[in-house]
Amino acid sequence: MSASPADTVRPARPGDESAIASIQVDSWISALGSRLGPRRHSAFDVEAVEAGWRDAIAQPPSKGHQVLVALGDDGEVAGFVACAPPKDLIALEVDPGKRRQGHGSRLLAAAAEHMRSHGAETMRLWALERDPVRSEFLETAGFAQAGMRRELDGPGITIPEQLWHTDLTPES
């Protein structure tokens, strides 16, 4: 038996950047909601986000950097994770309309495997504050808050993030 597309996580390839950018922007709009104000759907420069992912896929900044995508039932990109060994996940997003279908869990498992293969013993991710869906997902996946916070300059707002981390070493 072969795996269905919805069971697939693969390295991103040229041509995936448009779907990745769309998922990232849609996820941020979904999480930030009213904090973006009335122009929320035009707040992000999707073309700039897409160009950034195009570069990350075609010319990773190091041998270990890797963007992975999860495919939905339709074979289209349903989510992605960007790994930056030795311990950082740059982004982890699932299309808001395709959440709770296992894509995030498959992406995290693939990211953990990738990070371990590059010597990682821990994995960390900056995530939006006040995003209960993401917080619940990360806690269920074994992540904990690291007690660190930062603020990003967003489109007319400051975007607060908190650091999450998990241990990748085998249990004794």
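**Helix packing, burial and backbone geometry**

Helix α1 passes helix α2 in a right-handed crossing. The model described here is predicted.

**Contact of α1 with α2**

- Helix α1 comprises residues 17–32 and helix α2 residues 46–58; their axes come within 8 Å and cross at roughly 130 degrees. The class from 65 to 115 degrees is roughly perpendicular and angles over 145 degrees are roughly antiparallel, so α1 is oblique to α2.
- On the α1 side, the contact involves E17, S18, I20, A21, Q24 and V25. Their partners in α2 are V46, V49, E50, W53, R54 and I57.
- By residue class, this contact of α1 with α2 divides into 7 nonpolar, 2 polar and 3 charged residues.
- In an α-helix, residues three or four places apart point the same way, because there are 3.6 residues a turn.

- Helix α3 runs over residues 103–117, and its 15 residues should span 21 Å at 1.5 Å a residue. The end C-alpha atoms of α3 are 21 Å apart, which agrees with that expectation.
- The buried residues in α3 are H103, G104, L107, L108, A110, A111, A112, H114 and M115.
- The cover over these buried residues includes the strands β1 (9–11), β2 (66–71), β3 (77–84), β4 (88–94) and β5 (122–128), together with helix α4 (132–140).
- After α3 comes G119, with a positive phi near 85 degrees.

**Residue L71 in strand β2**

- L71 is placed in strand β2. Its relative accessibility is 10%, and because the limit for burial is under 20%, L71 counts as buried.
- Between L71 and S117 there are 46 residues of sequence separation and a C-alpha to C-alpha distance of 23 Å.

**Backbone features in the loops**

- Most residues other than glycine have a negative phi, and most peptide bonds are trans.
- The peptide bond from P85 to P86 is cis, with omega near 20 degrees. P86 is situated in the loop between β3 and β4.
- R100, in the loop between β4 and α3, is a residue other than glycine with a positive phi, near 65 degrees. At 70% relative accessibility, R100 counts as exposed, since the threshold for that class is over 50%.
- R130, in the loop between β5 and α4, is not a glycine either, yet has a positive phi of about 55 degrees. With 60% relative accessibility, R130 counts as exposed.

Notes. Residues are numbered from 1 along each chain as its sequence is written. This is a predicted model: local features need pLDDT of at least 70, side-chain atom pairs count only at pLDDT 80 or more; totals for chains, interfaces and linings use all residues. Side-chain values use heavy atoms; hydrogens and water are left out. Axes are lines fitted to C-alpha atoms, for helices over the stretch in contact, and angles run from 0 to 180 degrees between N-to-C directions. Helices (H or I, at least four residues) and strands (E, at least two) are DSSP runs, numbered from the N terminus. Angles under 35 degrees count as roughly parallel, over 145 as roughly antiparallel, 65 to 115 as roughly perpendicular and the rest as oblique. A crossing is left-handed if the near helix is turned anticlockwise from the far one by less than a right angle, and right-handed if clockwise. Contact means heavy atoms within 4.5 Å. Ala, Val, Leu, Ile, Met, Phe, Trp, Tyr, Cys and Pro count as nonpolar, Asp, Glu, Lys and Arg as charged, and the others, Gly among them, as polar. The expected span of a helix is 1.5 Å times one less than its number of residues. Buried means under 20% relative accessible area, exposed over 50%, partly exposed in between (1.4 Å probe, protein chains only).
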